[in-house]
Amino acid sequence: MDELSESAISPQTAPSRGLLTGGVKAAIAITVVVVLGASAGGAYAYSDHLSRQDAIARQAAAAHLAAARTNLDLAEHSAVKLETALTAVASASGGIADAGSVDALTAAVVVLTDEADKPVFSTSAPLSAIDDRTADLDAAVAAALATLPAVGESVKTAGAARLSAAGSASAASVSAAKSQLASLTAYLARGDDPRGLIIPTINAVKAAQASHAAAVAAAAAAAAAARSTHHSSGGSFSAGPGAPVCASDVLTCVNQIRAYYGLHALSNNSSLNATAQACADRMAASGQMTHSAYPGGWSTWGENIAEGYGSSVSVFNAWMASPGHRANILRPAFTQMGLGRVSAGNWWCQQFGG
């Protein structure tokens, strides 16, 4: 007999389809609340982050602006100091450095002065304007400094030439000037800023020149005193009754007075003429009365010198009025005579040999 079997489920255990239990609903509600709360918190957190970033950006911009203003203040201060220093260099270099290099420096200082004298920016000035002003000042400073090497090179060259010409300067002043010139040369060779050495170098060279000028003046004074001693015995010379009155060339006058004293005549000597002329040329060139060195070739030799006498007779009479010079003219051992003269200034040199 066939049997049919059927499974039966009680209503208490069968699940309800399409419906949520109260516990599940509560769990979902809590989850939604948590999610919404988290989303709101994230939005608040993001907004706070943006605020902080904005504050940081504003602080950075303010710091950048403050730094730019500080840089501008420093640039203006440096420009004013440089303007003063370069003006002093230009002034000191005038007449020593070549005019072109000094003019270029002066023109650059004018531009620098114009930049440094511009009105101060207000506190509300934008960063771009401050940066532009600072860049203009930096460019003016750089342009002014770029003119210094040419001035330094010119001072070095002119200073060396002036020092070389200051042959009578003291050893100390020459040494100081050479030291300054060497330092300036080294700075220029390295491409260093020479502004701190240009003026000291100029001053050192000028000090050597002043020392030279003082030595030349002292020598001139000594020469004047020597002329007074050599050319004057405090009165005129008188050979006594019957002495010849010379109105001719120096050799004729010499031989006339030697004959008066019973001495042999002197002969004109070409070698002595040449060395006497060299002596006169030397004195005229130096502006100083100086005796010659013994030329050699003579058993006995002598020399008379003079300056300022306009004729043969006047210089002969001056020599005869001076005991030392008169002794040469009347020395028995001499047999030869030579004479040299430079008309400009009337420099005379008389040499004797025997």
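1. Let's start at S267, which sits opposite Q336 of strand β3. Pairing here takes at least two DSSP bridges between two strands. Strands themselves are DSSP E runs of at least two residues and helices are H or I runs of at least four, both numbered from the N terminus.

2. Before going further, a word on what we're looking at: this is a predicted model, so local features need pLDDT of at least 70 and side-chain atom pairs count only at pLDDT 80 or more, while totals for chains, interfaces and linings use all residues. Numbering runs from 1 along each chain as its sequence is written, and side-chain values use heavy atoms, with hydrogens and water left out.

3. Overall, the protein has 10 helices and 4 strands. Along the sequence they come as α-α-α-α-α-α-α-β-α-β-α-α-β-β. Of its 354 residues, 31% count as buried, where buried means under 20% relative accessible area, exposed over 50%, and partly exposed in between (1.4 Å probe, protein chains only).

4. Now the sheet. The 4 strands make an open sheet in the order β1-β3-β4-β2, with mixed pairing. β1 (267–268) and β2 are its edge strands, each pairing on one side only.

5. What does β4 pair with? Strand β3 (residues 336–342) is joined to β4 by 7 bridges and runs antiparallel to it, with G340 having C349 as its bridge partner. Strand β2 (residues 301–307) also pairs with β4 in the antiparallel sense, over 7 bridges, and there E303 faces Q351.

6. Why is β4 described as largely enclosed by the rest of the structure? Because 7 of the 7 residues in this strand (residues 347–353) are buried. In a regular strand, side chains alternate between the two faces of the sheet. In β4 both faces are covered: W347, C349, Q351 and G353 are buried on one side, and W348, Q350 and F352 on the other.

7. On to charges. The structure holds 3 salt bridges, a salt bridge being a side-chain nitrogen of Lys or Arg within 4 Å of a carboxyl oxygen of Asp or Glu. One of them links E153 and K156, with closest N and O atoms 3.0 Å apart. Both residues lie in helix α4 (residues 148–165), 3 residues apart, about one turn of the helix. E153 is partly exposed at 34% relative accessible area, and K156 is partly exposed at 22%.

8. Another salt bridge joins R190 to D192, at 2.8 Å between the closest N and O atoms. R190 is exposed, at 53% relative accessible area, whereas D192 is partly exposed at 30%. R195 and D193 also meet through their side chains, at 2.6 Å from N to O; R195 is partly exposed at 31%, as is D193 at 34%.

9. Last, D131, D132, D136 and D138 form a negative surface patch. Patch residues have over 30% relative accessible area and no salt bridge, with like charges joined within 9 Å. Asp and Glu count as negative, and the place of an Asp charge is taken as CG. Areas come from the Shrake-Rupley method with a 1.4 Å probe. D138 belongs to helix α3 (residues 127–146) and is partly exposed, at 43% relative accessibility.

Conventions. Patch = residues over 30% accessible without salt bridge, like charges linked within 9 Å, V, L, I, M, F, W, Y side chains within 5 Å.
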